[in-house]
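Here is a short briefing on one protein model. Please read it with the sequence and the coordinates open.

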Amino acid sequence: MITDPIADYLTRVRNAVMAKHRLVEVPASSIKKDITKILFEKGYILNYKFEDESKPGIIKIALKYHPENKLPAISKLERVSSPGLRRYVDSKSLPRVLNGLGIAIISTSQGVMTDKEARKLNIGGEVLCYVS
C-alpha cells in the first residue's frame, strides 16, 4: 500500500528522467491524470496515454528531452503538500516557481490547475508540487 500516491508518481517520473528513460508507467488515479494533463499542456512531457483495461489503470508518459543537448524538459519535480502536512494557500499568497518560469500545481475547489490559472480565477487551494 502506498501512503502518498502523488509523491510516488512524482518519484517515478523524477527517477525516469534521471535515468534518461523515454517512457515511464505509473498507476492511474484521477488526480494523477489531471497532473499528467497539466504537464503535457505546459510542455514538460512529450505525450501520455491512459490505459484503463487493467483494474487500477496505468498512465504511460513519454518524457521530453531537448534534441540538441539531450537535457530533460523537467529539471526539478518537488512535492510540497504531504498527507502528514497539508500546505494550503489563499489566492493572494500563491507561490511563484523560479520567478514565473516554473509552475506550481494546485488542487482547488474547481479542479487541479497551475498557479497562474488559480491566480486568474482568484482562488486558492492545496499546493501539490512544484515543476521546473
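**Strand pairing and packing**

Strands β1 and β3 run antiparallel and are joined by five bridges. The model is a predicted one.

**The three-stranded sheet**

- The sheet is open and has three strands in the order β1-β3-β2, with antiparallel pairing.
- Its edge strands are β1 (23–27) and β2 (45–51), each of which pairs on one side only.
- From one strand to the next, the twist averages 20°.
- Strands of a sheet pair through backbone hydrogen bonds, in either a parallel or an antiparallel sense.

**The two faces of β1**

- Which side chains of β1 point to one face and are buried? They are Val24 and Val26.

- Helix α1 lies across β1 and β3. Its direction is at about 165° to β1.
- Helix α2 also packs on the sheet, where it touches β1, β2 and β3. The direction of α2 makes about 155° with that of β2.

**The α1–α2 contact**

- How do the axes of α1 and α2 cross? The axes of α1 (residues 5–18) and α2 (residues 30–41) come within 10 Å and cross at roughly 40°.
- That angle makes α1 oblique to α2.
- The crossing is right-handed.
- From α1, the contact involves Pro5, Ile6 and Tyr9. From α2, it involves Ile31, Lys32, Ile35, Thr36 and Leu39.
- By type, the contact residues divide into six nonpolar, one polar and one charged.

**Single residues in the helices**

- Thr11 is placed in helix α1. Its relative accessibility is 30%, so Thr11 counts as partly exposed.
- The C-alpha atoms of Thr11 and Glu78 are separated by 8.9 Å, although these residues are 67 residues apart along the chain.
- Phe40 belongs to helix α2. With a relative accessible area of 34%, Phe40 is partly exposed.
- Which residues does Phe40 contact, leaving aside its neighbours within four places in sequence? The contacts are Ile45, Leu46, Asn47 and Tyr48.
- Phe40 and Lys64 are 24 residues apart along the chain, and 9.6 Å separates their C-alpha atoms.

**Strand β6 and its partners**

- Is strand β6 (residues 103–108) largely enclosed or largely open? Five of its six residues are buried, so β6 is largely enclosed by the rest of the structure.
- β6 is joined to strand β8 (residues 125–131) by five bridges, and the two run antiparallel.
- β6 also pairs with strand β7 (residues 111–114), in the antiparallel sense and over four bridges.
- β6 and β7 form a hairpin, with two residues between them.
- Ile105 takes part in both pairings: its bridge partner in β8 is Cys129, and Ile105 stands opposite Thr114 in β7.

**Loop residues with positive phi**

- Most residues other than glycine have a negative phi. Two residues to check against that background follow.
- Leu98 has a phi near 50°, a positive value in a residue other than glycine.
- Leu98 is located in the loop between β5 (88–89) and β6. Is it buried or exposed? At 55% relative accessibility, Leu98 counts as exposed.
- Asn122 has a phi near 60°, again a positive value in a residue other than glycine.
- Asn122 is located in the loop between α3 (115–121) and β8. Its relative accessible area is 52%, so Asn122 is exposed.

Conventions:
Residues numbered from 1 in each chain as written. Predicted model: local features only at pLDDT ≥ 70, side-chain atom pairs only at ≥ 80, totals over all residues. Heavy atoms only, no water. Axes fitted to C-alpha atoms, helices over the stretch in contact; angles between N-to-C directions. Parallel < 35°, antiparallel > 145°, perpendicular 65-115°, else oblique. Left-handed = near helix turned anticlockwise from the far one by under 90°. Contact = heavy atoms within 4.5 Å. Nonpolar A, V, L, I, M, F, W, Y, C, P; charged D, E, K, R; others polar. Pairing = 2+ DSSP bridges. Buried < 20%, exposed > 50% of the residue type's maximum accessible area, 1.4 Å probe, protein only.
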